[in-house]
Amino acid sequence: MKNRLDEFSKKSTLNRIDFSNKSRNQVMERISTLNRKSLFSIWSIRILGTAALLLLFLIPVYIAFQSTVEAPDQTAKIQKITPTKPPVEDLESQYNNLIKPDSTQSQVVNYNSKQELIETFTDIMSRDLAVQMADQFFRKTDEGWKLIATDGPATVHFDAAYDLTKINAKKYSLTQTQETQLTGKIRLSITYQYQNNKWIIQNRTIENLNRQSSNTR
């Protein structure tokens, strides 16, 4: 640049004007400053452009990530929806199939342990009720587990009137008054609980209306 200024000074028709070293240095400093500003502007534009492209790339990635995160939550919300009412007849049928008393002799039950009995029962009832049923209706013998010969637990008579009451969205109560020569007048109460995405029998009680005393079966 300095050589060009010297050459310009020599060839210029204004060659009588003397370009002092000070003037030349001032001109060089201004040009250098302009060059630095221009270079900074170019790099600024490049950086901004790169940032914009990176942002455009990250937006769909973020949307896809949010979709994968929200999907399990939406599935969980769907699974939390409970049925309107418990399937009382189906649950009672399964309950009856687990307890099959024989009036003449005990039956050998196809279970290897009391724990296996309880685990089978907990498929349709609470663990507390399963333990109670195993203790009340089954005994361990040399031949294995046997069903005790009894009159069996009281069950719902669906051909007679009964009351099904909603306690909350996940709990219902069924009550039925029964009277037979064998049991006399009783009130059967069953509580149903919705848990682990299904209805189970939480509890069963029998109230003897003749003696106004209650026991659990």
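Colleague: Before we look at the pairs, what is a salt bridge here?

Modeller: A salt bridge is a side-chain nitrogen of Lys or Arg within 4 Å of a carboxyl oxygen of Asp or Glu. Please keep in mind that this is a predicted model.

Colleague: How many salt bridges does a search of the whole structure find?

Modeller: The search finds five salt bridges. One of them joins the side chains of R204 and E92, at 2.8 Å from N to O.

Colleague: Where in the chain do R204 and E92 lie?

Modeller: R204 belongs to strand β7, residues 198–208, and E92 to helix α3, residues 88–98. The two are 112 residues apart, and the pair links distant parts of the chain.

Colleague: Are R204 and E92 buried or exposed?

Modeller: Both R204 and E92 are buried.

Colleague: And which residue forms a salt bridge with R127?

Modeller: That is E119, with the closest N and O atoms 3.0 Å apart.

Colleague: Why does E119 count as partly exposed?

Modeller: E119 has a relative accessibility of 40%, and partly exposed covers the range between the buried limit of 20% and the exposed limit of 50%. R127 is also partly exposed, because its relative accessible area is 40%.

Colleague: What about K198: which residue does it pair with?

Modeller: K198 forms a salt bridge with D123, and their closest N and O atoms are 3.1 Å apart. This pair, too, links distant parts of the chain: K198 is in strand β7, while D123 is in the loop between α4 (114–121) and α5 (127–137), 75 residues away.

Colleague: Buried or exposed, or something in between, for K198 and D123?

Modeller: K198 is partly exposed, with a relative accessible area of 32%. D123 counts as partly exposed as well, at 46% relative accessibility.

Colleague: Changing topic, what is the secondary structure of the protein chain?

Modeller: It comes to five helices and eight strands. From the N terminus on, the order is α-α-α-β-α-α-β-β-β-β-β-β-β.

Colleague: How many of the residues count as buried?

Modeller: Of the 217 residues of the protein chain, 24% are buried. The accessible surface of the chain is about 15600 Å², and carbon and sulfur atoms hold 53% of that.

Colleague: Last one, on confidence: what is the mean pLDDT of the chain, and which element has the lowest?

Modeller: The mean pLDDT is 76, with 59% of residues reaching 70 or more. Among the elements, strand β8 (residues 213–215) has the lowest mean, 47, whereas strand β4 (residues 163–168) has the highest, 95.

Methods: Residues are numbered from 1 along each chain as its sequence is written. This is a predicted model: local features need pLDDT of at least 70, side-chain atom pairs count only at pLDDT 80 or more; totals for chains, interfaces and linings use all residues. Side-chain values use heavy atoms; hydrogens and water are left out. Helices (H or I, at least four residues) and strands (E, at least two) are DSSP runs, numbered from the N terminus. Buried means under 20% relative accessible area, exposed over 50%, partly exposed in between (1.4 Å probe, protein chains only). pLDDT is the predictor's confidence in each residue, from 0 to 100. Accessible areas come from the Shrake-Rupley method with a 1.4 Å probe; for residues, only the protein chains shown count as cover.
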